[in-house]
Amino acid sequence: MSIPKSEKLDLVQLKDKVLTWLSVHVPVSRVKHILRVEKIAQDLANYYAINQEKAQLAALMHDLAKYFSPQVLLQISKSEGLEIDLVSEVSPHLLHANVSAIVAKKEFGIKDKEILAAIANHTLGEPAMNQLSCIIFLADTLEPGRGDNPELQHLRQLSKENLYQAVWLTCDYTISATRWLVNTV
């Protein structure tokens, strides 16, 4: 299902509005990351015959709250009734995905539940994610700015062969990379 032609102009205007907002709230390097995520998301959406406009919007908005302070992330999460577990309490940055979905809804009027879920799930994922959420999750991790090693090359190829297996192995890759970083500090 694609967005009707009359709404495509709104999509262009919304993209401009989001990019303007991002230019004020995140560094240029993050905007470049977001645009690379958007490109990968559109490519995967096209490959899997998923609504490209939804993928584009979710990708553009996935990091809206990335640079919010820990206090702001906690405040918004609490005011919106989000569950804050001990890990999120200690590392509020993990809340940026959920808070980004809240900002997308309140600041940009996004009501589509699939788009909001894809934004909210892009960092930690969630069991039984739909294809759009999987695409945004993968695009965020696999965009070219994340590096170019054999594991990432394999995951990028796998993302075009088996979306769900790519998510699973990307989780393993992220955990392994994080474990390596923790052990080197």
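Counting cysteine sulfur pairs within 2.5 Å as disulfides, this structure has zero disulfides. The model is predicted, with local features needing pLDDT of at least 70 and side-chain atom pairs pLDDT 80 or more, while totals for chains, interfaces and linings use all residues. Residues are numbered from 1 along each chain as its sequence is written, and side-chain values use heavy atoms, leaving out hydrogens and water.

Select Cys134 and Cys171. The nearest cysteine sulfur to that of Cys134 belongs to Cys171, 9.2 Å away. Relative accessible area (1.4 Å probe, protein chains only) is called buried under 20%, exposed over 50% and partly exposed in between. Cys134 is buried at 2% relative accessibility, and Cys171 is partly exposed at 29%.

Next, show helix α8 (residues 131–142) with helix α2 (residues 28–47). Helices are DSSP runs of H or I, at least four residues, numbered from the N terminus. The two axes, lines fitted to C-alpha atoms over the stretch in contact, come within 8 Å and cross at roughly 135 degrees. For contacts (heavy atoms within 4.5 Å), select His33, Val37, Ile40, Ala41, Leu44 and Ala45 in α2, which meet Ile135, Ile136, Leu138, Ala139 and Asp140 in α8.

Finally, go to helix α3 (residues 52–61), where eight of the 10 residues are buried, so the helix is largely enclosed by the rest of the structure. Among the buried residues are Glu53, Leu57 and Met61. At the start of α3, a side-chain oxygen of Asn51 lies within 2.9 Å of the backbone nitrogen of Glu53.

Definitions and conventions: Helices (H or I, at least four residues) and strands (E, at least two) are DSSP runs, numbered from the N terminus. A polar contact is a pair of N or O atoms within 3.5 Å; within protein, one must be able to donate a hydrogen and the other to accept it, and residues adjacent in sequence count only if both atoms are side-chain atoms. Axes are lines fitted to C-alpha atoms, for helices over the stretch in contact, and angles run from 0 to 180 degrees between N-to-C directions.
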